[in-house]
Amino acid sequence: METIRSATVKLIEESEATGRVAEIFADIKQTKSINFVPAFWRTLATNPIQLEMVWTALKSIMHPEAAGRTSRLDARTREMIAVAVSATNGCSYCVNSHTTALKKLGVDDETLGEVLAVAGLFNMTNALADGYQIEPDVRPPLEPVA
């Protein structure tokens, strides 16, 4: 019988992490207020350079306060965008991860359904506009509107 596995590489377990990987794992847990390192990060740890690059970018965008900057988007909005894009891209791992984050932020099922409805609607209308090759006739102003 074939063994079911969740990745194409052997994940780095927290107990096996050393050096910079161990430091990043600790930062992930602290920043996300979780008590384990998710499989995504343990998978990326097979390439420590990639782990650091992706974590640095994600921390800066999704956890700006922890990275020392202020965002114009609140955490709920950022997570809603992450769920919508993840659903559009067909990434069940990310849909589950960011839905969990939204639930921690108090988002209910009806709100989540509305986020997915907007994403689904625009997947459809974007495909229609692209399929018909409609030229844009509504464009944002180049100068700020007073």
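Predicted model: local features only at pLDDT ≥ 70, side-chain atom pairs only at ≥ 80, totals over all residues.
View 1. Just after α5 comes G106, which takes a positive phi of about 90 degrees.

**View 2. The buried and exposed residues of α5.** The buried residues of this helix are H98, T99, A101 and L102. Because they cover an arc of only 155 degrees around the axis, they lie on the same side of α5. An α-helix has 3.6 residues a turn, so residues three or four places apart point the same way. The face of α5 that is turned away from its buried side carries the exposed residues S92, N96 and K104, while the cover over the buried residues includes α3, α4 and α6 (109-131).

**View 3. The largest pocket and its lining.** This pocket has a volume of about 780 Å³ and is lined by 32 residues, of which K32, E79, S97, H98 and A101 lie nearest its centre. By class, the lining has 18 nonpolar, nine polar and five charged residues.

**View 4. The helices that supply the lining of the largest pocket.** At least two lining residues come from each of α1 (19-32), α2 (39-44), α3 (48-62), α4 (75-89) and α5 (92-104), and the largest share, eight residues, comes from α4. H98 and A101, which are among the buried residues of α5, are also among the residues that lie nearest the centre of the pocket.

Notes:
Residues numbered from 1 in each chain as written. Heavy atoms only, no water. 1 Å grid on protein atoms, 1.4 Å probe; cavity = no way out; pocket = protein on both sides within 12 Å on 5 of 7 lines; lining within 4 Å. Points joined across faces, edges and corners; volume = space filled by probe spheres on them. Helix = DSSP H or I, 4+ residues; strand = E, 2+ residues; numbered from the N terminus. Nonpolar A, V, L, I, M, F, W, Y, C, P; charged D, E, K, R; others polar. Buried < 20%, exposed > 50% of the residue type's maximum accessible area, 1.4 Å probe, protein only. Arc of directions from axis to C-beta. Contact = heavy atoms within 4.5 Å.
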